[in-house]
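Hi,

Here is the model I promised to pass on. Have a look at it first, and my notes follow below.

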Amino acid sequence: MTSKSTKSVPPAEENEALVSIPPDGGWGWLVVIAAFYIFFVSDGVLISLGVFLQEIATSLQCTPSEVSIAGAIQTCCYCFAGPFSAALVNRFGFRWVVSIGCVISSASCFLTGFSMRWYQMILAYGVLGGIGFGMMYVSAIIVIGFYFERWRALASGVSLCGAGIGSTCMPPLLSMVIKTLGWRVAFHILGAMCITCILCGFVFKPIKPVRVRIDLVGAPKRTLSNITEVQETKSKMSQFFLQYNNATYPTVADVKTSVIALLRPSNKLAATRSASSEIMATTLATDVSDHTYSKRLERKYKCSWRKCSMCCYKCSNCCRRTKRKATSKTMDMPSRPMYRDDIFYTGSISTLPEYQKSCMLRPPEVKSKKSVLEYHISVTRTATHHDIEEQAMCKMCPESIKRTLATMLDFRLLKSVSFNLMLINSFTVAFSFYTPFVHIKNRAIENRMDAAIALWLISAIGVANTIGRILCGILSSFPTVRANIVCALLLFMGGVATVASGISYEPWFQFLYAVSYGFSMSSISTLRSVIIVDILGLEKLTNAIGMILLFQGVASFMGTYISALLRDQTGEYTLSFYVSGSVLGIGAIFLMPLKRLKIEDKKNILR
């Protein structure tokens, strides 16, 4: 490409880009409330299995360990559905995925209530429930990252509190329903609650991309017109992960050098996107034409206009409608939330190196106005022409799905020693996580605690977990705090508390254990993304989350089933809690040396 003087105006398609800018407020707070309710329902159902154990085992004439297999399969499918749900969100949007997940999870609860055999419950509650709740949960996680940047830590903390409050309120409420109406009616009520989450899905409106005007200072690294050529070169590679991983695609900042304005925002857009409306520049001298993508596809649909002039009037109207249909399809540019490197990041973006770099690139008087947008384009991967064309087509596995799966399931990340330690920790946490939730109530009742008091042990875990999420979220906003050390210490405390929980079965001691366990387990859910970014970098976050979900699915299945099996073999819960606490405490140790390994990895790369 020949260089141009800075005074010349480059072509429209060479100095603009389409990006989805988070509102960072406004309608986004309704999205937070909707996500809160989804977390309330999904986590409340998952955590409340222990309330149903004895009743279901008696009704279906099976052992409690066999009933717990259904919960183990549900958590396994729940984690395995994560990467595929994210791919569907990237292609079809939040509303469709949440709605389908609500229907599946609701059908799961209703079918579980009608189950007459053990294997029927396995299929209904385990498989269907895991897939449905997984689709709901992942969609709610992604939408928070898509709607917020500056206030993301607060929005994530508030919405994820729904999980803690759900685990607090659901068990006692369901116990009351079981005593009065039976466990089958309780599942039917849960099914009705799941179907109401469809309303939350409708709140998740897609954020339409906005044209961003680019100030070309010198020759750009890549241009939008060259992305197709880049993709064609990548497609010659035989390996799927090398071809479609997001890391192989440039960000908008790679394609263009700096942003100077948003082009023609609507009044609604200017009212809701405060971070964007502040950066409007008055240096625009020329307007822009229709986007090059629409022009490209328009040629595919339109017929010969000269021939049409010889046709009848009806044929001419048909051709005009075909042209308008093609143009309208292409002008409605799709949102691709999974093309953001920070979509799963739940901490404050002010601590990210990418955001700090965008602040340093601006003079002090305009830092607050443009640094957020420049950070945004530095973490947003570009969509290819082929990807945009597939939006108007019906294809089984389009590029938007392939890129998400290739990014989240890229096993090459296992070559990193520090990430392998994080995987071991995630495995141990998932292995131990559900044992107290499922068995703490029945263990207390077997040791002569009043059932009315033992019921509130699970709620105590939920309350402490909610408080812990808030406090850990506040800690993550301080750049000097080492998240891996904080998380390791809290997890180790939870492991020790679980091992020692059988010392006394007095109510005060059991509630003390429940509070300490709930508080300690809140650290990993809040600080995990912060630790990943700190050790691996922001561009590896999505890949790491995808791999961790797979390992968590296997670990949660093993942990839930083994704890129930040990109970049946020994006749008591002591060994189940010993094993769970020991695994959790040992896994916490693997988080300690992550910083040191990160420094050694950098030294090896330099060598």
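A quick definition before anything else: I call a residue buried under 20% relative accessible area, exposed over 50%, and partly exposed in between (1.4 Å probe, protein chains only). By that rule Arg381 is buried, because its relative accessibility is 7%.

Some ground rules. This is a predicted model, so local features need a pLDDT of at least 70 and side-chain atom pairs count only at pLDDT 80 or more, while totals for chains, interfaces and linings use all residues. Residues are numbered from 1 along each chain as its sequence is written, and side-chain values use heavy atoms, with hydrogens and water left out.

**Confidence**

pLDDT is the predictor's confidence in each residue, from 0 to 100. The protein chain averages 76, and 73% of the residues score at least 70. Helices and strands here are DSSP runs numbered from the N terminus (H or I, at least four residues, for helices; E, at least two, for strands). Confidence is highest in helix 4 (residues 94–113), at a mean of 93, and lowest in helix 12 (residues 274–277), at 32. Residues 1–15 have pLDDT below 50, and beyond near neighbours in sequence that stretch has 22 contacts in the model (heavy atoms within 4.5 Å). Residues 215–238 are also below 50, with 45 such contacts.

**Salt bridges**

There are 7 of them in the structure, each being a side-chain nitrogen of Lys or Arg within 4 Å of a carboxyl oxygen of Asp or Glu. Back to Arg381: its side chain meets that of Asp341 at 3.1 Å, N to O. Arg381 sits in the loop between helix 17 (367–378) and helix 18 (385–390), and Asp341 in the loop between helix 15 (313–331) and helix 16 (353–360), so the pair ties together parts 40 residues apart in sequence. Asp341 is buried too, at 8%.

Asp342 and Arg340 form another salt bridge, at 3.0 Å, N to O, and both are buried. In the Asp410–Arg412 bridge the closest N and O atoms are 2.6 Å apart; Asp410 is buried at 3%, whereas Arg412 is partly exposed at 33%.

**Helix 6**

Helix 6 has 30 residues and reaches 42 Å from first C-alpha to last, close to the expected 44 Å (1.5 Å times one less than the number of residues). It has a kink of about 30° centred on Ile165, the bend being the angle between axes fitted to the seven residues ending there and the seven starting there. Leaving aside neighbours within four places in sequence, its contacts are Gly44, Ile47, Phe437, Ile458, Ser459 and Gly462. Gly182 follows the helix, with a positive phi near 105°.

**Aromatic pairs**

I have 15 on the list. Rings of Phe, Tyr and Trp (its six-membered ring) pair if their centres lie within 6.5 Å; planes under 30 degrees apart count as stacked, over 60 as edge-to-face and the rest as tilted. Trp29 and Phe148 are tilted, because their planes are at 55°, with centres 4.8 Å apart. Trp29 is in helix 1 (residues 27–47) and Phe148 in the loop between helix 5 (118–147) and helix 6, 119 residues apart. Phe433, Tyr434, Phe437, Tyr513 and Tyr517 are joined by ring pairs into a cluster; Phe437 is also one of the Ser167 contacts.

Cheers
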